[in-house]
Amino acid sequence: MTHPSTPLSQHEIEQLVEAYFDCLLTRAEESDLRRLLSSTPHDSPAIRSARAAMGAEVALRRGARRPDAAHARKHRPWLSVAAAATVLMALGTVATLHHRGETSPSVTVYCHGRAVTDPDEALRLARAEVADSERLMQEIIAAEQTRLQAAGQMAEAAFYSDPRNLRNLL
């Protein structure tokens, strides 16, 4: 998707949305579509679905641009955990049905905008997402512990710097 000099029609945007849901867009094209959806006046069920899926709806309500992926991960790491848990639950359901001898349904998992139909690859990707989520959670916990220690030291320094507090200790 290039940056056209004339605005795209609603039909053209809906075609791009369809390509997005069919996993046919590159990351750059997805990024362009995300920007387009956050600024276009066109509206339809397909456009609303894509906005919701891409998170552009939130940016439209806030009147701000959507945070980049690093910012979103830094401030909402639980989303990765939730996504990985969802993938694992879906794979667990398929494995349970297969183990019972029932016909397992055809499952397609989407990871980073790419359709994955091989259960082993989907499980490998899910495990990698869980490991990444755990690493991010550990980083957040360490950062928060550091912030709490610094806040405690600042509070203690402020307490002891006030002579009235020192008199109360004696």
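These are my notebook entries on a predicted model of one protein chain.

**Ground rules.** The model is predicted, so I kept local features to pLDDT of at least 70 and side-chain atom pairs to pLDDT 80 or more, while totals for chains, interfaces and linings use all residues. Residues are numbered from 1 along each chain as its sequence is written, and side-chain values use heavy atoms, with hydrogens and water left out.

**Whole chain.** I looked up the elements and got eight helices and two strands; these are DSSP runs numbered from the N terminus (helices H or I, at least four residues; strands E, at least two). Their order along the sequence is α-α-α-α-α-α-β-β-α-α. The chain has 170 residues, 23% of them buried. My cut-offs are under 20% relative accessible area for buried, over 50% for exposed and partly exposed in between, with a 1.4 Å probe and protein chains only. The chain exposes about 12,100 Å², with 57% supplied by carbon and sulfur atoms; the areas come from the Shrake-Rupley method with a 1.4 Å probe, and for residues only the protein chains shown count as cover. Contacts (heavy atoms within 4.5 Å) came next: of those with a separation of 6 or more, 51% are between residues 24 or more positions apart.

**Start of the chain.** Proline 7 sits in the segment before α1 (10-21). I put proline 7 down as exposed because its relative accessible area is 78%. Threonine 40 is 33 residues away from proline 7 in sequence, yet their C-alphas are 8.6 Å apart.

**Helix α1.** I noted Ile13, Leu16, Val17, Ala19 and Tyr20 as buried in α1. They are on the same side of α1 because they cover an arc of only 160° around the axis, taken from the directions from the helix axis to the C-beta atoms. The buried residues of α1 pack against α2 and α3 (45-54). His11 and Glu18, on the other side of α1, are exposed. Just after α1, I found cysteine 23 with a positive phi of about 60°.

**Aspartate 32.** This one belongs to helix α2 (residues 27-39). Its relative accessibility is 11%, so aspartate 32 counts as buried. Its side chain makes a polar contact with the side chain of arginine 35 at 2.6 Å. For that term I need a pair of N or O atoms within 3.5 Å; within protein, one must be able to donate a hydrogen and the other to accept it, and residues adjacent in sequence count only if both atoms are side-chain atoms.

**Helix α7.** I noted Ala122, Leu125, Ala126, Glu129, Asp132, Ser133 and Leu136 as buried in α7.
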